[in-house]
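Dear colleague,

Please find below the structure that I am handing over to you, together with its sequence. My notes on what was found in it follow directly after.

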Amino acid sequence: EDGTLTIATGEPAYPPYVIDDKPESGEGLEGAVAMGVAAQMGFDASKVTWVRTTFEEAIQPGPKKFDFNIQQYSITPERAQVVSFSDPYYTSSQAILGFADSAAASAKSAADLKDLKLGASAGTTSLDFISEQIQPTSDAFVFNDNAGAKQALETKQIDAVVADVPTALYMTTEIEGTTVFGQFPAVDGQGDQFGMLFEKGSSLVPCVNEALQALKDDGTLDQLEQQWLSDTVNVPVLQ
């Protein structure tokens, strides 16, 4: 709508990206980044409308019901064929988590995980990482969202979950007795870059990039990452 910035996120939206499933509060990394971008573009909170989509829905080609969507969308060449992305606002590695008695707990490398039952959310680069980098002997378990992966881990249907580092850390706070065993080094020196997602060819992309650059230049992005994701620096690196 004219005069309103419509931002989409997941249903539900999880910490540490959104706190208490209330993106309009501006709390959590993505809630804060989105509201910071809105402010830089001249939209105060009363002129920002939040809507919800599934992860998979938003990356399909075609018209969108939002101006941009922010829910840990990794920027990939395949997705960029049907949607547009902003510049990255955060770069993450993939991590593996599970219970302390899991066979994954002693893993030192991706090779140690090949024979395990691994799970990830549909449409994510975490799922791609399992098939392309870990290359398990059996197909990964695929879930509609993180809630499905969490439930499967809790009921011991799978040995471990692969997710981006902040999401993995959050899941361990939700499931007693679990821990993040480690994170994998970025492939080819590049981490998993998260960008805001737009309808293909959206004229808003350069406007959002300009706002995002302003948040980078004044140190706001670094401050938000430290505030909401500071625990990520303590996750050991696997090979």
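Does Asp 20 count as buried or exposed? Asp 20 counts as exposed, because its relative accessibility is 59%, above the 50% cut-off. Please bear in mind throughout that this is a predicted model. Asp 20 belongs to the loop that runs between strand 1 and helix 1, and its phi is positive, about 55°, although the residue is not a glycine.

The loop between strand 1 and helix 1

This loop also contains Pro 12 and Pro 16. The peptide bond joining Glu 11 and Pro 12 is cis, with omega about 0°. A cis bond likewise joins Pro 15 and Pro 16, again with omega about 0°.

Ala 13 sits in the loop between strand 1 and helix 1 too. Its relative accessible area is 8%, so Ala 13 is buried. Leaving out residues up to four places away in sequence, Ala 13 touches Val 18, Asp 21 and Arg 52. Ala 13 and Gly 219 are separated by 206 residues in sequence and by 25 Å in space, C-alpha to C-alpha.

Helix 1 consists of 12 residues and spans 16 Å from its first C-alpha to its last, close to the 16 Å expected at 1.5 Å a residue. The helix is mostly covered, with 10 of its 12 residues buried. Among the buried residues of helix 1 are Leu 29, Glu 30, Met 35 and Ala 38. After helix 1 comes Gly 42, which has a positive phi near 95°.

The axis of helix 1 (residues 29–40) comes within 9 Å of the axis of helix 6 (residues 205–217), and the two cross at roughly 110°. Helix 1 is therefore roughly perpendicular to helix 6. On the side of helix 1, the contact is made by Val 33, Gly 36, Val 37 and Gln 40; helix 6 contributes Val 208, Ala 211, Leu 212, Ala 214 and Leu 215. By class, seven residues in this contact are nonpolar, two are polar and none is charged.

In soluble globular proteins, nonpolar side chains tend to be buried together. In this model, the largest nonpolar core has 27 residues, of which Ile 7, Val 33, Val 37, Phe 68, Ile 70, Tyr 89 and Met 196 touch the most other members. Two or more residues are given to this core by each of strand 1 (5–9), helix 1, strand 2 (48–52), strand 4 (83–92), strand 10 (192–199), helix 6 and helix 7 (220–229). Helix 1 supplies the largest share, seven residues.

As for Ile 7, its contacts are Ala 34, Val 48, Thr 49, Trp 50, Val 51, Phe 68 and Ile 70, not counting residues up to four places away in sequence. There is also a second, separate core of 17 residues, which includes Ile 96, Leu 113, Leu 116 and Leu 127.

Buried residues in other loops

Gln 72 is located in the loop between strand 3 (68–69) and strand 4. With a relative accessible area of 18%, Gln 72 is buried. Not counting residues up to four places away in sequence, Gln 72 touches Tyr 17, Glu 30, Phe 55, Tyr 89, Asp 164, Thr 167 and Phe 194.

Ser 102 lies in the loop between strand 5 (94–99) and strand 6 (118–121). Its relative accessibility is 12%, so Ser 102 counts as buried. Aside from neighbours within four places in sequence, Ser 102 is in contact with Asp 159 and Phe 181. Although Ser 102 and Asp 159 are 57 residues apart in sequence, their C-alpha atoms are 5.9 Å apart in space.

A further positive phi

Lys 156 has a positive phi of about 65°, although it is not a glycine. Lys 156 is placed in the loop between helix 4 (146–154) and strand 8 (160–164). With a relative accessible area of 48%, Lys 156 is partly exposed.

With kind regards

Terms used:
Residues are numbered from 1 along each chain as its sequence is written. This is a predicted model: local features need pLDDT of at least 70, side-chain atom pairs count only at pLDDT 80 or more; totals for chains, interfaces and linings use all residues. Side-chain values use heavy atoms; hydrogens and water are left out. Axes are lines fitted to C-alpha atoms, for helices over the stretch in contact, and angles run from 0 to 180 degrees between N-to-C directions. Helices (H or I, at least four residues) and strands (E, at least two) are DSSP runs, numbered from the N terminus. Angles under 35 degrees count as roughly parallel, over 145 as roughly antiparallel, 65 to 115 as roughly perpendicular and the rest as oblique. Contact means heavy atoms within 4.5 Å. Ala, Val, Leu, Ile, Met, Phe, Trp, Tyr, Cys and Pro count as nonpolar, Asp, Glu, Lys and Arg as charged, and the others, Gly among them, as polar. A nonpolar core is a set of buried Ala, Val, Leu, Ile, Met, Phe, Trp, Tyr and Cys residues joined through side-chain atoms within 4.5 Å. Buried means under 20% relative accessible area, exposed over 50%, partly exposed in between (1.4 Å probe, protein chains only). The expected span of a helix is 1.5 Å times one less than its number of residues.
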